[in-house]
Amino acid sequence: MSKCLVCQNEISPFISFGKMPLANGFLTQDQFKEEYFFEMKVAHCSKCNMVQLTEQPTKELMFNEHYAFYSGTSRAMDQHFEQFAQHVISDYINSDNPFVVEIGSNDGIMLKNFKKANIRHLGIEPSENVAAVARGNGINTISKFFNKELAEEIIKEYGKADAFLAANVMCHIPYMHSVVDGIKTLLKPNGIVMFEDPYWGDVIEKVSYDQIYDEHVFLFSVQSIKYLFEQHDMEVVDVEPQETHGGSMRYVIAHKGARKISENVHKQIKKEIALGLHLPETYVTFKKNCEASRDKLKSILVQLKNEGKRVVGYAATSKSTTILNYCDIGSDLIEFICDTTPIKQGKYSPGKHVPIKPYEEFKKDYPDYALLFAYNHAKEILAKEEEFKKMNKKWIMYVPKIGIK
Ligand code: SAH
Ligand code: TYD
Ligand code: ZN
């Protein structure tokens, strides 16, 4: 038993994925012996509906000057964040001299659009290496972890914010009450909060359990976010489903009573109830679905190995760490994983130690099969890899369905 990070209710895990390393902990051979592991277990809180890890590595272990995830590696995400920024600018910003704060701003993929529009902005990005890329491009960035105290410091220096933005970072932060307190203090009376994260409803429906890894301490739903913000006198005024990261949800939040609540919020909650996100039996089924998905993927790889086929992993995503470790897939089954991120290349995958090679290694000598770990970028990648397909090579997919394509 442990306590819910949001409402303090007693919770107990419905699944354990076993020992897991840091999802972005790509390492060199001499670091193998001191590799960090924790038991990755997930619980659902029956009171506030928050789905959460019951144990998580410290934030400094995950987010530091060696952080391996650079947002700017996907063209589609670049376009996504340009549209996100335009939406904020045209629909939500109307004061003189507006001020926008983004947490988890990484290499500046979103804020560069505000810079271009000459809007005062501040990025909060604790991982120094990715923050340095943003600063190099003239994006105002500080390397700290966001919380209530930092919000107060920001107000002293810049004043209150018209918009508070976050993408794929709110779900990383366990001390949510300090964060929401900070947001509440920082936001102007008519200010807007917009953040998006992988959506738990999609994970349940698609059995995309690889969205569960160390950094994702929370798997959000509209119901759990509504509960959390209501504790701080704020309310969800709109929700906007997104296709990114295999299915995400954008939450639009304001001070209580400041804005009209869209019908979308009620509609989405109805969908969540129909999906059974509040019911214990949903979690029993989800566990069975994860096990079945794991067994099927593993058996495909074992069969291909027995047939003497060459299989390579495509994109060393954070998500792939959960797949490789939970399914027990090592370099006996996949030769290497190719990836375009320089900091990952020449290293080994966390836990299973599959070599990570530059993308060019994939192109140089196509394998018979490529296991697509970045299925969320399938459109972009499949379009780029037409030649692979023309040569009668095949993709192995596991979300939304396991199979060969
Ligand atoms: N927003 C980007 C990056 C997401 S990765 C995108 O969607 O592509 C998550 C980022 O959040 C990392 O760069 C990490 O360093 C940062 N982060 C983690 N904890 C944080 C915190 N408490 N405050 C601000 N940023 C944080
Ligand atoms: P993403 O799904 O955003 O990763 P995560 O699971 O960590 O959120 O994918 C980003 C990774 O995929 C990054 O390591 C770069 C790699 N990648 C490629 O190697 N080639 C590509 O064409 C794309 C789009 C991504
Ligand atoms: Zn709870």
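Student: Which element gives the largest share of the shell around ligand 2?

Tutor: In this predicted model, the largest share of that shell, three residues, comes from α13. Of the 18 residues around ligand 2, those that come nearest are Ser318, Lys319, Asp339, Lys344 and Lys384.

Student: How do the residues of the shell divide into nonpolar, polar and charged?

Tutor: The shell around ligand 2 divides into four nonpolar, nine polar and five charged residues.

Student: Which side chains have a polar atom close enough to an oxygen atom of ligand 2 to count as a polar contact?

Tutor: A polar contact is a pair of N or O atoms within 3.5 Å. Among the side chains that qualify, Asp339 places a polar atom 2.7 Å from an oxygen atom of ligand 2, while for Thr341 the distance is 3.2 Å, and an N or O atom in the side chain of His377 is likewise 3.2 Å from an oxygen atom of the ligand. The protein covers 97% of the 560 Å² of accessible area that ligand 2 has on its own.

Student: Why does ligand 2 lie between domain 1 and domain 2?

Tutor: Domain 1 (71-274) and domain 2 (281-404) both give residues to the shell, so ligand 2 lies between them.

Student: Turning to a strand, is β13 largely enclosed or open?

Tutor: In a regular strand the side chains alternate between the two faces of the sheet. Here, eight of the eight residues of β13 (residues 248-255) are buried, so the strand is largely enclosed by the rest of the structure.

Student: Which strands pair with β13?

Tutor: Strand β10 (residues 187-198) runs antiparallel to β13 and is joined to it by six bridges, with Ser248 as the bridge partner of Pro198. Strand β12 (residues 234-242) also pairs with β13 in the antiparallel sense, over eight bridges, and there Glu235 has Ala254 as its bridge partner.

Technical notes:
Residues numbered from 1 in each chain as written. Chains lettered and ligands numbered in written order. Predicted model: local features only at pLDDT ≥ 70, side-chain atom pairs only at ≥ 80, totals over all residues. Heavy atoms only, no water. Near = heavy atom within 4 Å. Polar contact = N/O pair within 3.5 Å; in protein donor to acceptor, adjacent residues only side chain to side chain. Areas by Shrake-Rupley, 256 points an atom, 1.4 Å probe, with all protein chains shown as cover. Helix = DSSP H or I, 4+ residues; strand = E, 2+ residues; numbered from the N terminus. Nonpolar A, V, L, I, M, F, W, Y, C, P; charged D, E, K, R; others polar. Domains from an automatic or database assignment. Buried < 20%, exposed > 50% of the residue type's maximum accessible area, 1.4 Å probe, protein only. Pairing = 2+ DSSP bridges.
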